[in-house]
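Let's take a look around a protein together. Have the sequence and the 3D view open while you read.

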Amino acid sequence: MKWSLNELQKYRNEPLVFSETVDLKKTMMNREKELLDVSPIDLEGTLIVHEKEILLHMVVSLTVTLPSARSLKPVLFPMTVGIDEIYIPPSVTPGPTIDNEEETVILLDKDMIDLTDAITDSVLLNLPLQVFTQEEQEGQDMPSGNDWAVISEDEYSSNLETEKSKTEDPRFAGLKDLFKDESDTQG
């Protein structure tokens, strides 16, 4: 997905609409070691060429395979990512007010637009932190092994309360209230 800026000048009066499929599996897997697989990437987008800038709007669709956060089993995760960027050609000196929170502004260092980095960066930034298999999402069973088990936060809290009540010495139970009364009478 590369275009020279000279080639894009013929689209100054009408937008360049593109729809392609690219394979960036090797590039993405080199940058993110957690990825087990990356499907071919479907791109649908528009480049609008203005005198001092080139606007990109693109939707990227793909499926990545990631390890489950619990069992490390492969999980297919479909993704759709929107990319909005503004490219400033090297011949244009950018004004002081390039401050756009909706789109990313990229100052080109050569007379070429290459969307490979934009696609790769956007997909990797939008990867989920953890995924689970369908069975793991539906079931309540947590993995366990010899002398260990994964428990939920609720189970941990209830176990903590149980442990606290077990560790309190009943002989000192009466002393808990002793200092409470003294602080009430002093105030």
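Here is a short tour, going from the overall picture to the rings and then the pocket.

## The big picture

First, keep in mind that this is a predicted model. The protein has 187 residues, and 26% of them count as buried.

As for contacts with a separation of 6 or more, 57% of them join residues 24 or more positions apart.

## Rings that meet

You'll find 1 aromatic pair in the structure. The ring centres of Trp3 and Phe18 are 5.3 Å apart and the planes are at 50 degrees, so this pair is tilted. Trp3 belongs to strand β1 (residues 2-4) and Phe18 to strand β2 (residues 16-22), so the pair ties together parts that are 15 residues apart in sequence. Are these two buried or exposed? Both Trp3 and Phe18 are buried.

## The largest pocket

The largest pocket has a volume of about 240 Å³, and 13 residues line it. Nearest its centre are Leu108, Lys110, Met112, Asp114 and Asp117.

Which elements give two or more residues to this lining? They are β6 (74-88), β7 (104-107), β8 (112-114) and α3 (116-125). The most comes from β8, which gives 3 residues.

How values were computed. Residues numbered from 1 in each chain as written. Predicted model: local features only at pLDDT ≥ 70, side-chain atom pairs only at ≥ 80, totals over all residues. Heavy atoms only, no water. Phe/Tyr/Trp six-rings, centres within 6.5 Å; stacked < 30°, edge-to-face > 60°. Helix = DSSP H or I, 4+ residues; strand = E, 2+ residues; numbered from the N terminus. Buried < 20%, exposed > 50% of the residue type's maximum accessible area, 1.4 Å probe, protein only. Contact = heavy atoms within 4.5 Å. 1 Å grid on protein atoms, 1.4 Å probe; cavity = no way out; pocket = protein on both sides within 12 Å on 5 of 7 lines; lining within 4 Å. Points joined across faces, edges and corners; volume = space filled by probe spheres on them.
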